[in-house]
Amino acid sequence: MQKKYFSLEEAQAILPEVKKLISRILDVQKKIKLRSALKIRYEDSFLELHNTTKRSMEVHKDAYEFFQVMDSLMEIGVFVKDPKIGLVDFYSIFNGTEIFFCYKYPEEKILYWHGIEEGYAGRKSIELLKEKV
């Protein structure tokens, strides 16, 4: 798979779909965390093993869903930077230089961009790009 480059308009247009997928990732992570934290003790070792097996199956099913959604985002061309907080980037080219349009769930739209090496801390307003055109 190759990188996909987006104009700001293209990235904004697919944002509703991206937001739904990010929401699913966040929900699945909550389920995994809850299931992993759940500890039930049984007097009967057979019942305990059976319960542990069932919970493990559920956690693995959730993990599979997590990676399916991650793959869906990547297939669209979205670079998932931090799934724990819903942080994603969209590759773009501005004045011949690679940049990222930066989105953090649940922002309404893409408001920031940064250089490829700058990361989240280097986010700048999209308005700055418009001024440079």
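Two strands pair if DSSP finds at least two bridges between them; strands (E, at least two residues) and helices (H or I, at least four) are DSSP runs numbered from the N terminus. The model is predicted, so that local features need pLDDT of at least 70 and side-chain atom pairs count only at pLDDT 80 or more, whereas totals for chains, interfaces and linings use all residues. Residues are numbered from 1 along each chain as its sequence is written, and side-chain values use heavy atoms, with hydrogens and water left out.

View A. Five strands, in the order 1-2-3-4-5, form an open sheet with antiparallel pairing. Strand 1 (78-82) and strand 5 (124-125) stand at the edges with a single partner strand each, so one side of each is left without a neighbour in the sheet. Four bridges join strand 1 to strand 2 in the antiparallel sense. Helix 1 lies across strand 1, strand 2 and strand 3 (97-104), and runs at about 165° to strand 2 (axes are lines fitted to C-alpha atoms, for helices over the stretch in contact, with angles from 0 to 180 degrees between N-to-C directions).

**View B. Asp89 in strand 2.** Asp89 belongs to strand 2 (residues 87-94), where Phe79 stands opposite it. With a relative accessible area of 1%, Asp89 is buried (buried is under 20%, exposed over 50%, partly exposed in between; 1.4 Å probe, protein chains only). The side chains of Asp89 and Lys81 are joined by a polar contact of 2.9 Å (N or O atoms within 3.5 Å, one able to donate a hydrogen and the other to accept it; residues adjacent in sequence count only if both atoms are side-chain atoms). Leaving aside residues up to four places away in sequence, Asp89 touches Val78, Phe79, Lys81, Phe100, Phe101, Cys102, Tyr103 and His114 (contact means heavy atoms within 4.5 Å).

**View C. Helix 2 and its ends.** The 32 residues of helix 2 should span 46 Å at 1.5 Å a residue, and its end C-alpha atoms are 47 Å apart, which agrees (the expected span is 1.5 Å times one less than the number of residues). At the N-terminal end, Asp44 caps helix 2 through a side-chain oxygen that lies 2.7 Å from the backbone nitrogen of Phe46. Just after helix 2, Gly77 has a positive phi of about 115°. The buried residues of helix 2, among them Asn51, Arg55, Val59, Asp62 and Phe66, pack against helix 1 and strand 1.

View D. The whole structure holds 10 salt bridges (a side-chain nitrogen of Lys or Arg within 4 Å of a carboxyl oxygen of Asp or Glu). One of them pairs Glu65 with Lys31, their closest N and O atoms being 4.0 Å apart. Glu65 lies in helix 2 (residues 45-76) and Lys31 in helix 1 (residues 8-37), so this pair ties together parts 34 residues apart in sequence. Arg35 is partly exposed, at 24%, whereas Asp62 is buried, at 1%.

**View E. The Lys124 and Glu118 pair.** Lys124 forms a salt bridge with Glu118, with 2.8 Å between the closest N and O atoms. Lys124 is partly exposed at 24% relative accessible area, and Glu118 is partly exposed at 40%. Elsewhere, salt bridges with shared partners join Arg24, Lys31, Arg35, Glu58, Asp62 and Glu65 into one network.
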